[in-house]
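I opened this notebook to keep track of what I looked up, one topic at a time.

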Amino acid sequence: MKFQALAAFSLITGSLADLPSCQIYQQNQCAGDTVTTDEKFDANRWFTPVRGSDDWQESFQDYSHLTGYAKITYDKGMQSATVTVNAMHKANTTLSYSFDGVSQTEATATFTPSNAKGPVSLTITGSDKTTIDLEPLDFVWNAADIELTYPKGDYRSGQKGAIVELFGWPHKDVEKECKFLANAGYMGVKVFPPQEQIMSTEPFQNVMNPWYFMYQPVSYKLEGRMGTRDELRSMINTCRSLGVRVYADAVVNHMTGGGNDANPYHRNPDANCQTFGAKQSTAGSPMYTQDYTYTEGEETGLPPLQEFPAAGYGPLDFHCERALNSWTDPLDLNAGWLTGLTDLNTERDNVQERIAAYMTDLISLGFSGFRMDAAKHIQPDDLVQIFSKLKANLGGEMPEDWITWLEILLGGEKDLLMCDPDSGYNYGSYLEDGLVAAGFSAADVEKIKIWNSGYPKEPDAGACTISKSRNAIQNDDADQQNPGSTSRDMGDQGCVLIKDCQSADDHREFEKKLFESPNGIEDEDADYPIRLILSSFYFVDGVQGIPDGKSDCSLCETECDTCTGVSLAPAWVDESVGYDETDYTRAHRDPEVIAAMQTWMGI
């Protein structure tokens, strides 16, 4: 999970100041144990400016009137797919759907390898001439086959292996790196959130586009900070053709919040009524939240609530606003807004369907699985429904090499989250039993791992009611890079390379131990089949920007005097042998770490 969503402030003023003095709207606040947004707030939908109005942008298309997404459902064997367009028009006008330029009135279409040999374009048009272009449709049969180019090892069809997390690496650099990963024997690479996310031309807490903006989604378009959908597709196909599987960081618990949205008019009564404007996004889609607002929409006559039209979400698809104040209260964990991030109501069937459709899109593009960010803020019963809908989308069977690992930060809540099977909020045996009851085979349940945050100090914490064969383990991880992070306590059993390791040698030894003799292992053949290694980047003078060029202050347009940034540096350096001391760390390239991994994998 990623923190720090509260918006930064600059001195601009809006022209639609409907509330007097420095008042802001305080609607949709939870009362008592209420978690749902009142249906009356559906009237606040359609806040996006109308085409041609002052605040409209070309990338907003006609989201002021139209919203929708495509759901792909495969038959058994995944050699045929039915595409269903779920669309809504503000005025309920007649809609038509254009697949690769061919218009039809039906909201469904069927595709096979013979009539979909590449991406298929999709446009929705209303009888009032409003229109939106959706993401291109990709299908699994167009993804490159996984061709092992490295020496044979004990990969178990993608169920055992080492996965490198290339933190802050653009897709183009990952594509270049896959040849090295293949030759080294790594099973896969995990890329950071590929979906559309917040970006800004104004520093946030004096930092230009900090890394955690990647965890503040705007839509499920695969147009993120690290590159475009086309670049992502190219990278996946290159990596797969070399035998390297690719995994996505899926952020599906929440969307952006805290006023980090496209509304130009915000102010903060607790900061001398400072005002701040709109954020941008990596694909330019509109997005609105309810915090720090004081104006009304020109079309609705009402203040904004949660609205993400490029994802198909409206106000009712989110929990009412509730601060996450307790880590031991299941209601707070499931429905609380973590530092202002708008919390999706994953109890709703349509929200579960939308998340499953996004995951289906990832697999269709060629991903072999995903990490589920902030999974402990999605209650286990909802996860069962989401995975069940994903399974149905994939023809009733999970792919042979598919895996996912759930981010379940344990801390002092390990009894509630893992060890007490009767808690009802248990991601161990309770979730396992729910998956079995929903028709998942024992083999498919094994594919759903728990990322064991107790490792390496308390390795048994993540396995007290399940087998360690359902654990994924890791030393250094992305959340720990932040100064002052308390997400995990590794004690003297691990260290964060860029922050508290005494030397690269110390970090190297912990990474070697991950493969040679990880703490808590009991069955060498079965325990911890998924092991992850983070390749990170250095925070220059404490600045939490990425050296991908998008944290460079040359991009600043507003409040630039205090901007701190990071200059562009290449992530891919072919001659690196690991543990580089500037820019990117490339720890995964270290020969000793690779040798330990190869021994574990029987290479």
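**Surroundings of one alanine**

I began with contacts (heavy atoms within 4.5 Å) and found that Ala587 touches His507, Ile533, Leu534, Ser535 and Tyr579, with residues up to four places away in sequence not counted. I noted that this is a predicted model, in which local features need pLDDT of at least 70, side-chain atom pairs count only at pLDDT 80 or more, and totals for chains, interfaces and linings use all residues. Residues are numbered from 1 along each chain as its sequence is written, and side-chain values use heavy atoms, with hydrogens and water left out.

I then placed Ala587 in the loop between strand S21 (530–535) and helix H10 (591–601), where helices (H or I, at least four residues) and strands (E, at least two) are DSSP runs numbered from the N terminus.

**The barrel**

I followed eight strands that close into a barrel with parallel pairing, in the order S8-S9-S11-S17-S18-S19-S20-S21; strands pair if DSSP finds at least two bridges between them. Within it I looked up S9 (residues 188–191) and S11 (residues 245–250), which pair in the parallel sense over four bridges, and I recorded Arg245 in S11 as the bridge partner of Gly188.

**Two helices**

Last, I checked where H1 and H10 meet, and listed Phe180, Asn183 and Ala184 from H1 against Ile594, Met597 and Gln598 from H10.
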